[in-house]
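Open the model in your viewer and keep the selection tool at hand. Each stop below names what to select, then what is there.

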Amino acid sequence: MRAARLIKMVLLLQARPSMTGPELAQELEVSERTVARDVLSLSEAGVPVYADRGRSGGYRLIGGYRTRLTGLGRSEAEALFLSGVPSALREMGLADAASAARLKVSAALLPELRDAATGAAQRFHLDAPAWYQEPRTPALLPAVAGAVWDDRRITARYLRKDTEVERQLEPYGLVLKAGVWYLAARAQGDFRVYRVDRFTAVEVPDGRADDGEDGAEGPTGGGGRFIRDEAFDLPAFWAERAAQFARSLLREEVVVRLSAHGVRRLPHVTERAAAEEAIDAARSGDGPDAQGRLTVRLAVESAEVAYAQLLGLGPEGEVLHPPALRERFAAAARRTAALYA
């Protein structure tokens with residue numbers, strides 16, 4: 001642990017002209033007294049660390065000293081490609097690897113390029129969770145992520161509705177969608193998608209396991225590896241399955257007459273792909289009526305969901321079918337009119 005900290009201190013000082021004691025203490029997550037002792041240890045080991053005294057003082061390396069400890073390890077290199085999603089790195093237990101990788105890259109850059117990473121981070125940031133949601137990290141996510149990185153089979157128990165089932169899985173990839181983690185895995189020869197927060201336990205064939213308790217470690221070791229199908233494309237697989245899932249939810253159909261403004265609003269209040277498909281079909285069919293209104297046949301999840309979504313159109317949309325849903329909107333309109341009478 002101390003050796004890794006000393007290496008990190010050298011890389012920090014190599015990447016920046018000078019750092020104060022408090023800055024190093026914050027980066028290394030130690031006290032300033034520990035920083036001072038580590039600097040002394042580096043000096044005794046022949047690393048030319050110099051301390052500038054005074055209010056504007058700090059620590060720096062003398063004479064253009066450069067360490068050769070800048071080669072990226074495999075885990076660091078892989079984590080570096082995810083560094084634009086810091087919350088995801090933390091949740092998968094890869095924050096330290098990514099931090100070390102960024103330091104090594106910074107240390108290897110020319111001095112005039114060392115602010116590139118900071119400049120990019122201050123200009124672009126990805127916030128994955130949806131609004132008004134407090135994301136919860138699944139307890140077993142680090143264990144699953146470890147298996148994904150190492151191509152290790154897992155035995156997973158997970159909740160399917162109210163029943164706990166067990167499956168042997170080959171974990172191929174993780175996807176973070178709107179703050180929810182999903183695992184793409186092969187089971188019995190087929191690729192499937194599982195919600196990680198529904199896993200209750202994960203173990204590997206050699207017996208190492210994780211049941212999500214505090215302090216438990218994820219499965220490690222070299223056993224139980226599988227050979228990846230090199231033709232598997234995670235982004236393409238996810239896009240296909242996500243589209244299939246969204247379409248599978250749309251089991252019912254409603255007929256709605258829309259004003260021109262309602263046509264523009266429909267993709268914003270319902271499932272976008274279904275709305276755009278319905279609008280295109282209506283335009284290529286009978287088209288708008290004499291008043292400029294367009295009648296669309298819209299695929300929806302249920303009448304209840306359609307009611308909640310289409311209320312957002314207000315007077316820009318008129319439900320024509322089914323009759324029960326139309327009457328429900330009429331009753332809502334009467335209640336609304338009474339409120340504003």
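Start at Arg195, which counts as partly exposed because its relative accessible area is 28%. This is a predicted model.

Next, select Arg328 and Glu304. Their side chains meet in a salt bridge at 2.9 Å, N to O. This pair links distant parts of the chain: Arg328 sits in helix H13 (residues 323-339) and Glu304 in helix H12 (residues 303-310), 24 residues apart. Arg328 is partly exposed at 33% relative accessibility. Glu304 is partly exposed as well, with a relative accessible area of 48%.

Stay on Arg328 and show Tyr307. Which part of Tyr307 does Arg328 lie over? Arg328 lies over the face of the ring, 3.8 Å from the ring centre.

Now pick Arg153, Glu170 and Arg186. Salt bridges with shared partners join these residues into one network. Then go to Arg157 and Glu164, another salt bridge, whose closest N and O atoms are 3.9 Å apart. Arg157 is partly exposed at 29% relative accessibility, and Glu164 is partly exposed at 43%. A search of the whole structure gives 16 salt bridges.

Switch to the aromatic rings. The whole structure holds 11 aromatic pairs. Select Tyr182 and Trp238: their ring centres are 5.2 Å apart and their planes lie at 45°, so the pair is tilted. Tyr182 belongs to strand S5 (residues 180-187) and Trp238 to helix H9 (residues 234-249), so the pair ties together parts 56 residues apart in sequence. Are these two residues buried or exposed? Both Tyr182 and Trp238 are buried. For a cluster linked by ring pairs, show Tyr172, Phe191, Phe226, Phe232 and Phe237.

Move to helix H8, residues 141-150. Seven of its 10 residues are buried, so the helix is largely enclosed by the rest of the structure. Highlight the buried ones: Leu141, Ala143, Val144, Ala145, Gly146, Ala147 and Val148. Step just past H8 to Asp151, which takes a positive phi of about 55°.

Finish by colouring by pLDDT. The average is 80, and 73% of the residues score at least 70. Select residues 77-82: pLDDT stays under 50 there, and the model has 14 contacts beyond four places in sequence for this stretch. Residues 212-222 are also below 50, with 19 contacts beyond near neighbours in sequence. Where pLDDT is low, the predicted coordinates should not be read in detail.

Conventions. Residues numbered from 1 in each chain as written. Heavy atoms only, no water. Buried < 20%, exposed > 50% of the residue type's maximum accessible area, 1.4 Å probe, protein only. Helix = DSSP H or I, 4+ residues; strand = E, 2+ residues; numbered from the N terminus. Phe/Tyr/Trp six-rings, centres within 6.5 Å; stacked < 30°, edge-to-face > 60°. Lys NZ or Arg CZ within 6 Å of the ring centre and 35° of its normal. pLDDT = per-residue confidence, 0-100. Contact = heavy atoms within 4.5 Å. Salt bridge = Lys/Arg side-chain N within 4 Å of Asp/Glu carboxyl O.
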